[in-house]
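Please look over the sequence and the model shown here before reading on.

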Amino acid sequence: MVSPPGYVPAVLMVVVRLPTSIAVPPRAGGREVLCALKHSLRVLEPDLDYGAIAFGIAPLDEVLGGGLARAALHEVAAAGESAITAATQFVLGLASYPQEQRAVLWIAEDMGLHENGVPYGPGLDDVGLSPERLVTVAAAKPRDLLWAMEEALRCRAAGVVIGEVRSADRLDLVASRRLSIAAGQRDVCAFLLRSAPGTDASAAATRWIVSAAPSRANAAGPGHPRFSVHLTRNRRGPVGSWLLEWNRVERRFDLAPPLSEPVADAACDRPHRATAHGA
Amino acid sequence: MRLATDRIARQRTAPDPRPLVVTGRQGNVERLTAVGAAAASLGLKPGLALAEARARYPDLAVVAEHPADDRRLLDAIADWCQRYTPLLAVNPPDGLLLDIAGCAHLYGGEEKLLADLLARVECFGFAARAAIASTIGAAFALARFGPAGILAPGAERTALAPLPIAALRLPEETIAALRRVGLKRIGDILDLPRAPLAARFGNEVLRQLARALGEEREPLTPLLPVAAYVAEQPFAEPIAREDDVLRVIVRLAARLKPMLERRGEGARRIELALFRTDGVVRRIIVSTSRSVRDPDDIRALYVERLASLADALDPGFGFDLARLSILVAETCPPEQIGLGERADEADLDRLIDRLSARLGARRVMRLIANDSHIPELAAESVPAQADVALENGWAAFRRFRDGVALSPRPLRLLIKPEPIEAIATVPDGPPVRFRWRRALHEVVAADGPERIEGTWWSEEAGPTRDYFRVEDKAGLRFWLFRAGLYRSTAQPQWFLHGTFA
């Protein structure tokens, strides 16, 4: 089932069989009915709050409500094909936060690995992800990739599941909905890594667009890598853009101090999105 | 003896009433190598020249021989015969040896087994002769030259005596030499003094004689190694649905489980053999990364494996026998329940097994570190199911990296370094701009060179490489290298090997 681009369902039908004990009071007004329904939904929904991965950057964590939600699906897209490594680093930087010691599954298509390069152990170790924890899966077709991701999300031993999707592959709402439901079942963080921003609807909790930004280079060579990060969708709060710097020593993201020269404007034109400026 | 003609007759869609002969070129003459039943009744025999046969019976169906096809057919029949015994060998060009010790009672005795075997083979369209004896030599001689049937143990001497010497599996020259002195039947040499016989005709005569009489043991080299654990299930009514096959797998695995437990072992490689009613045998193998013996685990692997089969199960008219054998077993510690970390680890192994069964073992990989300076050799992907994946060298790599303060490595490495067009201002310096995948990149910052020499004892790594970490105007960071030095090469080539964040 493939949805047309930009397709958002107009009506979301929620059908609940109410437990008899939480019946709607007789002859109640519309507001009371709604309250009762909301209450019953809260009862039915288990408590699935597994906490969040904090960035340690106040404005970002505030927007995200304490950090990137675990037990959820997050979509990280590169601004362009060449920025895929920046997006990869953004995901891995989050995947390798210190409390998490379980396995990381990186599921990609053969074609994607050929185009963008394979994960390189020594480089992964540099960003703080021990290569021992990584299991890579090469899928022959997008269908296999989605299947492998769902299987991995069900596994207790997997802490982070990364699915690398090429820009050519369309990912419909059903696929991302399935993944986010699977991710919500247990304490596991799911990332969709895309080589270009997707235009189709997605059920991801957050959507990001990441591009590389010039670092504070000096005569000794390139400085700490910098990223310009746009949060284009956030189910918990407002969106925004930030300029982040990866601290190679501490292995965490910092808010980049402003450069003396003007930084190029956001690569992505999304005028209808309100932006909250962190930097 | 009529394997080739039966093969051709089976492949025909319409019956051909003409006598069938198969011919092959021997020397300069086209001779008959096999004759069909109709041709044999006319008196045609293998070895006859085709021209002579044609002169006698002009209306012959002549087909050129194809030994490779015959061999394939024989192998297929051998495969099918595995339903009777796992110990079986092919005796080219047209024979099969089955060791039925301990198997006959499953069919209700040797007579019934033999009758069942012959009836089924005949059903497939092959004329067959079979003999059961206590030695390979005697069974061979009886099946090919003597009265087929069952020879009681100890009766070899009397049964073999009237058979021709050729029944002893001797080289042609020896048979001819024996015939020249008038020794034509086995009975003629049975009571001759052994020493002069050996001196004149070689030890082979005595050895084959001793083997046929059971005085010397002869081992049978089986076609396939015999699995340590086997469970099988015949069906009165052939099964065809995948669900049924899975149910049978669980039942067979449940039968193997106590055997495995008793010896403290678990399965690492499992083979499911499905015998189709028309004689085709389907073998499906799964491997695991840790030894398993739980029937449900084995079933889960087969669910994925069957789902990924390109040509589906294709049951035809159904399977009438299923066999689950454990090809590789390994000591398996008793299950421990309740220790969180171990359970998680087992869960990961189970996931890896499931992914490998569905996608293929070469698609589910782990990274290991190798002791090499060449970047593409320093890290290697190995199948996650392989044991080598556990002995990764990352701890050693970290010690090495911290010891020499290795410069940063890229996050993603291209599978093959890609050539780029680069312009460098200083001969040994970094490029000022380069073109990669048709896009031009202006270098604003560079770090390097880090010189990596190829290993002198192997050509594999190529010339010396000078690696640079460069950043372009847009902030993209790359790992480039120049292959070769300006001093030794007029125009060194530049490559892009990886990308940094």
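Among contacts in chain B between residues at least 6 apart in sequence, what percentage join residues at least 24 apart? The figure for chain B is 51%, and it should be read with the caution that this is a predicted model.

## The two chains

Chain A has 279 residues, of which 45% are buried, and its secondary structure consists of seven helices and 13 strands. When contacts in chain A between residues at least 6 apart in sequence are considered, 70% of them join residues at least 24 apart.

Chain B has 501 residues, and 32% of these count as buried; its secondary structure comprises 16 helices and 19 strands. The C-alpha trace of chain B spans about 95 × 65 × 55 Å along its principal axes. Its radius of gyration is 34 Å, whereas a compact globule of 501 residues would have a value near 23 Å.

In soluble globular proteins, nonpolar side chains tend to be buried together. In this model the largest nonpolar core contains 114 residues, and the members that touch the most others are A87(A), L105(A), I107(A), I162(A) and V210(A). Helix α3 of chain A, which covers residues 84–95, supplies the largest share of this core, with eight residues. A second, separate core has 31 residues, among them I270(B), I298(B), I326(B) and A329(B).

The surroundings of V210(A) can be followed in more detail. Once its neighbours within four places in sequence are left aside, V210(A) is in contact with V76(A), A78(A), A79(A), A83(A), A86(A), A87(A), F90(A), F227(A) and V229(A).

## A sheet in chain B and its helix

Strands of a sheet pair through backbone hydrogen bonds, either parallel or antiparallel. Chain B holds an open sheet of four strands in the order β8-β11-β9-β10, and the pairing in this sheet is antiparallel. Its edge strands, each pairing on one side only, are β8 (229–239) and β10 (281–292) of chain B. From one strand to the next, the twist averages 15 degrees.

Strand β8(B) and strand β11 of chain B (residues 319–331) run antiparallel and are joined by seven bridges; Q233(B), for example, has A322(B) in β11(B) as its bridge partner. Helix α12 of chain B, residues 242–262, packs on the sheet and touches β8, β9 (265–276) and β11 of chain B. The direction of helix α12 makes about 150 degrees with that of β8(B).

Terms used: Residues numbered from 1 in each chain as written. Chains lettered and ligands numbered in written order. Predicted model: local features only at pLDDT ≥ 70, side-chain atom pairs only at ≥ 80, totals over all residues. Core = buried A, V, L, I, M, F, W, Y, C linked by C-beta atoms within 7 Å. Buried ≥ 20, exposed ≤ 12 C-beta atoms within 10 Å, placed from the backbone. Helix = DSSP H or I, 4+ residues; strand = E, 2+ residues; numbered from the N terminus. Contact = placed C-beta atoms within 7 Å. Pairing = 2+ DSSP bridges. Axes fitted to C-alpha atoms, helices over the stretch in contact; angles between N-to-C directions. Rg over C-alpha atoms; globule rule 2.2 N^0.38 Å.
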